[in-house]
Amino acid sequence: DHDHAVCQSCGDIFDIDRQVFPLPSPPAQLPNGLQVKGLRLEYEVICSACRETSEGK
């Protein structure tokens with residue numbers, strides 16, 4: 001299992017291993033009788049290539 005990190009500058013997507021960065025335990029239920037079946041997480045990041053480009057300006 002993995003989640004994603006999406007660069008907010010260039011849009012590149014990176015896999016984030018859940019064994020290294022585990023998800024919190026989701027609640028069994030949410031308001032309005034919504035039964036939780038799973039949880040996904042997407043990290044909003046600036047990748048190293050974009051960071052280097054912006055630092056070089």
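Me: In which sense do S1 and S2 pair, and over how many bridges?

Reply: S1 and S2 pair in the antiparallel sense, over five bridges. Two strands pair if DSSP finds at least two bridges between them, so the five bridges here meet the rule. Before going on, note that this is a predicted model, where local features need pLDDT of at least 70, side-chain atom pairs count only at pLDDT 80 or more, and totals for chains, interfaces and linings use all residues. Residues are numbered from 1 along each chain as its sequence is written, and side-chain values use heavy atoms, with hydrogens and water left out.

Me: What counts as a strand, and what is the secondary structure of the protein chain?

Reply: Strands (E, at least two residues) and helices (H or I, at least four) are DSSP runs, numbered from the N terminus. From the N terminus on, the order is β-β-β-β-β-α.

Me: Why is the protein chain called more spread out than a compact globule?

Reply: Its radius of gyration is 16 Å, while the globule rule gives 10 Å for 57 residues. The radius is taken over C-alpha atoms, and the rule is 2.2 Å times the number of residues to the power 0.38. The value is well over the rule, so the chain is more spread out than a compact globule. The C-alpha atoms fill a box of roughly 50 × 25 × 15 Å along the principal axes.

Me: Which strands form the open sheet, and in what order?

Reply: Three strands form it, in the order S2-S1-S5, with mixed pairing. S2 and S5 (42-45) stand at the edges, each with a single partner strand, so one side of each is left without a neighbour in the sheet. The twist averages 30 degrees from one strand to the next; the angles run from 0 to 180 degrees between N-to-C directions, with axes as lines fitted to C-alpha atoms.

Me: How do S1 and S5 run, and which residues are bridge partners?

Reply: S1 and S5 run parallel and are joined by four bridges. His4 has Glu42 in S5 as its bridge partner. Val6 stands opposite Glu44 in S5. In S2, the bridge partner of Val6 is Ile13.

Me: Why is Asn32 called exposed?

Reply: Its relative accessibility is 78%. Exposed means over 50% relative accessible area, buried under 20%, and partly exposed in between (1.4 Å probe, protein chains only). At 78%, Asn32 therefore counts as exposed.

Me: Is Asp3 buried or exposed, and what does its side chain reach?

Reply: Asp3 is buried, with a relative accessible area of 3%. Asp3 lies in strand S1 (residues 2-7). Its side chain reaches the backbone nitrogen of Leu41 at 3.2 Å. A polar contact of 2.9 Å joins the side chains of Asp3 and Arg18. Such a contact is a pair of N or O atoms within 3.5 Å; within protein, one must be able to donate a hydrogen and the other to accept it, and residues adjacent in sequence count only if both atoms are side-chain atoms.

Me: What does Phe14 touch?

Reply: Not counting residues up to four places away in sequence, Phe14 touches Asp3, His4, Ala5, Cys7 and Cys47. Contact means heavy atoms within 4.5 Å. Phe14 sits in strand S2 (residues 13-17) and counts as partly exposed at 34% relative accessibility.
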